Amino acid sequence: MKSLMNSKFNGTLKVPGDKSITHRALMFGALAAGTTRIHYPLPSEDTHRTLECMRALGAEVEQKQGEWVVTSPGAAQLHAPAKTLYTGNSGTTTRLLTGLIAGLGLTAEMEGDESIAKRPMDRIQRPLAEMGADISLKDEKYPPIIIRPARLSPISYTMPMASAQVKSAILLAALYTEGTTVIHEPSPSRNHTEIMLEQFGADISAEDGVIRLKGGNALSASDVTVPGDISSAAFPIVLAVLKPGSSITVENVSLNSTRSGILDVLEMMGADVRIEQTSSEGEAIGTVHASHTPNLKGFDISGDIIPRLIDEIPIIALLAAYSTEACTVRDADELRYKETDRIRAVIDELSKFGISFTEYEDGFTVHPGQVSIEENTPVKGYNDHRIIMMLIISSIISDTPIEIDDVSAIDISYPGFMEDLEKLRKEA
Ligand SMILES: O=C(O)C1=C[C@@H](OP(=O)(O)O)[C@@H](O)[C@H](O)C1
Ligand SMILES: C=C(OP(=O)(O)O)C(=O)O
C-alpha cells in the first residue's frame with residue numbers, strides 16, 4: 001500500500017464484471033437446457049461459490065479466460081446435491097439458491113461462513129413457505145438451511161423491505177409453479193433478475209413496483225455479456241474525486257438505474273463526474289469520467305435512492321467526510337444485515353481518523369471537519385470487502401499508511417483491486 005502514497009491517479013480502467021449479474025447468469029444458465037455463454041464474468045470468491053453450487057446440482061461449467069460456459073440438461077434434469085452446499089460469504093448465493101432449489105422440489109442443505117451464519121434468512125423463508133416450500137432454519141432465522149421437496153403454488157407478496165435477494169428468491173421459486181406470482185416492492189431494488197429472466201424467455205413483466213411472473217415456461221439458454229460492476233467502480237471513482245491531480249475514466253460499466261445512486265450523490269455534491277451511456281438495451285452500460293473536485297457540497301439521502309446505492313454506502317461515508325457540509329444517510333437499516341453491520345463498522349473505523357458522526361438506527365450524519373489519520377493506525381476490516389476497500393482508499397487519500405487486520409476479503413468482489421489502483425498511479 002505504501003507505493004500508492006503521494007500519488008495522483010490517472011488513466012482509463014475497466015473494472016471486473018458485475019457480481020449480481022454473474023451470479024444470475026450462472027443460475028439461469030443451469031436452469032436452461034443447452035449452452036449459456038457468460039462473457040466477462042466476475043471471477044471472484046462469491047461467484048465461485050455459485051459456480052460450484054451449480055455444478056453440484058448437475059450443470060457443467062467450463063471456465064475459460066473471459067468466458068464461462070454453462071451446459072445444462074435443463075431444470076427438470078438437475079438433481080439434489082450429494083453434499084451440503086457451501087455458499088461461503090455470499091448472501092446472494094445463499095438466498096437466490098434457496099428459492100431455486102425450493103422451486104425445483106429438491107432436497108438440499110446449505111451453509112456458509114461465519115458471516116453468513118449471522119445473516120437473516122427468515123426474510124426468504126416466509127414468502128417461500130407461503131408458496132408451500134419446506135425450509136428449516138437454525139433458530140428459525142439463520143443458516144444452515146434445510147430444504148425438503150414440496151409442491152409450490154404462486155403467491156401475491158408485498159415485500160416488507162426493498163431487497164433484490166428476496167425478490168429474486170421468490171421469482172426463482174415461482175418459475176415452475178402453475179399460475180402467476182405477483183410481487184410488490186416498497187422501493188425499486190436492483191432488477192437484474194427481471195431483465196435476465198425476460199432474456200431467457202420467462203413470462204415476466206415489471207411496472208410501477210409490481211412484478212408479475214407466470215410460471216411454467218422452460219427457460220431458453222442465452223448468452224450473457226456482463227458489464228463492469230458499478231459497486232467496484234465506486235472505489236476508483238471516489239478516489240479520483242477526492243485526490244488532488246487525479247482524473248480517471250471507467251469504461252464499460254453498468255449504469256442500470258437501479259444501481260447508479262452513487263452517481264446521483266456525486267452530482268448532488270457538485271463532483272466533476274461525467275457519464276456517457278453507450279448502450280441501453282437490457283442492462284444500461286456506459287463510461288464514467290471522474291476528476292478531483294475541491295469543496296464538495298453536502299447531501300441528505302433517504303427513501304428510494306437507498307436501495308440504488310446500498311452497497312456503496314461505506315465509500316459514500318468517506319466521500320461525505322471530505323464535504324464542506326453535513327451529509328446524512330437515513331432509511332438504510334438494511335446495512336445492519338450485510339457481511340457485517342456496515343453502519344457500526346463505518347462509524348467505528350472512520351471515527352479513528354477524526355471523522356465525526358451522529359449514528360441513527362437506520363443511518364448516520366457525517367459532520368464536516370478535518371480528516372486526520374495517524375500513521376499505522378490499526379483498523380478492522382471485519383472480513384467485509386466493501387469496508388476494507390473503503391479503508392484502503394481513505395489511507396491513500398490521506399497519504400498515510402494504516403494497518404488493516406486482514407485484507408483477503410477483497411477477493412469476494414474485486415480481485416485485482418490493488419493492481420488496478422497501481423495501474424492508475426502516477427507519481428505526484
Ligand atoms: O441481489 C443481489 O445481487 C444483491 C442485492 C443486495 O442485497 P439485498 O437484496 O439484501 O438488498 C445487495 O446488497 C447485494 O450486494 C447483492
Ligand atoms: C452485500 C453484498 O453481497 P451479498 O449480500 O451477496 O453477500 C455485497 O456485495 O456488498
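## Packing of helix α4

The buried residues of α4 pack against α3 (91-104), β7, β9 (156-158) and α5, where contact requires C-beta atoms, placed from the backbone, within 7 Å of each other. Helices are DSSP runs of H or I with at least four residues and strands are E runs of at least two, numbered from the N terminus. Within α4 (residues 122-130), the buried positions are I124, Q125, P127 and L128; a residue is buried if 20 or more other C-beta atoms, placed from the backbone, lie within 10 Å of its own. An α-helix has 3.6 residues a turn, so residues three or four places apart point the same way. After α4 comes G132, with a positive phi near 110°.

The model is predicted: local features need pLDDT of at least 70 and side-chain atom pairs count only at pLDDT 80 or more, while totals for chains, interfaces and linings use all residues. Residues are numbered from 1 along each chain as its sequence is written, and chains are lettered from A and ligands numbered from 1 in the order in which they are written.

Strand β7 belongs to an open, mixed sheet of four strands, ordered β5-β6-β8-β7; two strands pair if DSSP finds at least two bridges between them. Because β5 (85-86) and β7 (134-138) are at the edges with a single partner strand each, one side of each has no neighbour in the sheet. Five bridges link β7 to β8 (residues 142-148) in the antiparallel sense, and K138 has Y142 in β8 as its bridge partner.

Another open sheet has four strands in the order β3-β4-β2-β13, again with mixed pairing. Its edge strands, β3 (60-64) and β13 (224-225), each pair on one side only. Strand β3 runs antiparallel to β4 (residues 67-72) over five bridges, with E67 in β4 as the bridge partner of K64.

## Ligand 1

The shell around ligand 1 includes S20, T92, S163, R190, D311 and E334, a residue being near if its C-beta atom, placed from the backbone, lies within 6 Å. Helix α5 (residues 164-174) gives the largest share, three residues. Both domain 1 (2-16 + 227-427) and domain 2 (19-214) contribute to this shell, so ligand 1 lies between them; the domain bounds come from an automatic or database domain assignment.

## Ligand 2

Around ligand 2 are D46, S90, G91, T92, D311, K338, E339, R386 and S413. Ligand 2 also lies between domain 1 and domain 2, because both give residues to its shell.

How values were computed: A residue is buried if 20 or more other C-beta atoms lie within 10 Å of its own, exposed if 12 or fewer, and partly exposed in between; C-beta atoms are placed from the backbone. Two residues are in contact if their C-beta atoms, placed from the backbone, lie within 7 Å.
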